[in-house]
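Please look first at the sequence and the 3D structure shown below.

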Amino acid sequence: MSIRPVHKVIKSKPTLEGAGVHLRRAFGFGNTTDFDPFLLLDDFRNDIPADYLAGFPWHPHRGIETITYVLAGTVDHADSIGNHGAIEAGDIQWMTAGRGIIHQEMPKGDQAGRMHGFQLWANLPSSLKMTAPHYQEVKAPEIAVATEDDGTQARIICGSFWGKRGPVTGIAADPIYLDVTVPPGKRKRLPVDTSRNAFAYVFAGSGKFCNASGPLAVPTEGVNWLDTAPPAEAEDRSLILFDSGDEVVVQAGDQGIRFLLVSGKPLKEPVAWYGPIVMNTQEQLRKAFDQLNEGTFLEAEGPKK
């Protein structure tokens, strides 16, 4: 087994989005080659209603999938093809925008005023950019949970892990999206296929991720890496981007650690991106915005049969 070295640790940055929502951006709107097929990760945990209630009024998407995972509070949503509803604590909404959708997302806090969650954007391959939009909405009880003997727990949102499979299926990049909790002081090895790009995002507690990059050899099973290789320490709101390997190793701190672990097969396609629309060429991008201006965005044709 080869441990994935830590390529970099990034602290998420305060960002203002929508109609004035205060959130933290882990990555996005830059060179996202290292994260391919993922484009953006926003952490919208907030305990001040005035900083999130304005929400994300009507706006378009094309060429991507948006994955919203709510930890506390509620997000009401509606769209241009007649869908509407709400996702609550523990729920997932996986929206495939495909050839185009206009929607809104309006957050509401819980009784304590908390609105906590994440939104991840995944790119669509060129062959599916203009597919029909659709949703997969998953309620908390439907999410598979795998628990190890040491108390480590993984909520499996998408993909297969530890013999269980998440409820979200049929995603082009075949991602694995996990919510992992490691108890205090425990060291855990988590498999990640070598063909995937992978990152972790810490949102509770802290821990140390094995870092064997630089001149040090990748530790073997019999080596105490905490003594031989400088680990990458990560606390709340830290993003860890991994290099290649087939497992991630983490040592939980005194309060334990909870993090998203996300991996996907890179598309390795050109990206033409502006705001909520992601295509492969500048010509396709211009066409999308021309259609928005002309009022024909939702009339775009899908792939020819």
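Two strands are said to pair if DSSP finds at least two bridges between them. The model discussed here is a predicted one. With pairing understood in this way, one may turn to an open sheet of four strands, whose order is E5-E10-E7-E8 and whose pairing is antiparallel. At its edges lie strand E5, covering residues 56–61, and strand E8, covering residues 84–87; each of these pairs on one side only. On average, neighbouring strands of this sheet are turned by 25° against each other, direction ignored.

What holds the strands of a sheet together in general? Strands of a sheet pair through backbone hydrogen bonds, and they do so either in a parallel or in an antiparallel manner. In the present sheet, strand E7 (residues 74–79) and E8 are paired in the antiparallel sense over four bridges.

Strand E1 (residues 6–11) is joined to E21 by five bridges, and the two run antiparallel. Here Val-6 stands opposite Phe-242 in E21. Strand E19 (residues 197–209) is likewise joined to E21, by four bridges and in an antiparallel arrangement. In this pairing, Val-202 has Ser-238 of E21 as its bridge partner.

Strand E22 (residues 247–264) contains Gln-251. With a relative accessible area of 17%, Gln-251 is counted as buried, because buried means under 20%. Where does the side chain of Gln-251 reach? It reaches the backbone oxygen of Gly-185, at 2.8 Å.

The aromatic rings come next. A pair of aromatic rings is described by the distance of the centres and the angle of the planes. A search of the whole structure finds 14 aromatic pairs. One of them, formed by Phe-27 and Phe-35, is stacked, with 3.8 Å from centre to centre and 5° between the planes. Phe-27 is buried, with a relative accessible area of 6%, and Phe-35 is buried as well, at 7%. Another pair, Phe-161 with Trp-162, is tilted: the centres are 4.5 Å apart and the planes form an angle of 40°. Phe-161 is buried, with a relative accessible area of 5%, whereas Trp-162 counts as partly exposed at 25% relative accessibility. Ring pairs also build a cluster, which links Phe-27, Phe-35, Phe-38 and Phe-199.

Finally, the cysteines deserve attention. A disulfide is a covalent bond between the sulfur atoms of two cysteines. How many disulfides does the structure hold? The number is zero. Cys-158 counts as buried at 4% relative accessibility, and Cys-210 counts as buried at 1% relative accessibility.

Conventions:
Residues are numbered from 1 along each chain as its sequence is written. This is a predicted model: local features need pLDDT of at least 70, side-chain atom pairs count only at pLDDT 80 or more; totals for chains, interfaces and linings use all residues. Side-chain values use heavy atoms; hydrogens and water are left out. Rings of Phe, Tyr and Trp (its six-membered ring) pair if their centres lie within 6.5 Å; planes under 30 degrees apart count as stacked, over 60 as edge-to-face and the rest as tilted. Buried means under 20% relative accessible area, exposed over 50%, partly exposed in between (1.4 Å probe, protein chains only). Axes are lines fitted to C-alpha atoms, for helices over the stretch in contact, and angles run from 0 to 180 degrees between N-to-C directions. A disulfide is a pair of cysteine sulfur atoms within 2.5 Å. A polar contact is a pair of N or O atoms within 3.5 Å; within protein, one must be able to donate a hydrogen and the other to accept it, and residues adjacent in sequence count only if both atoms are side-chain atoms.
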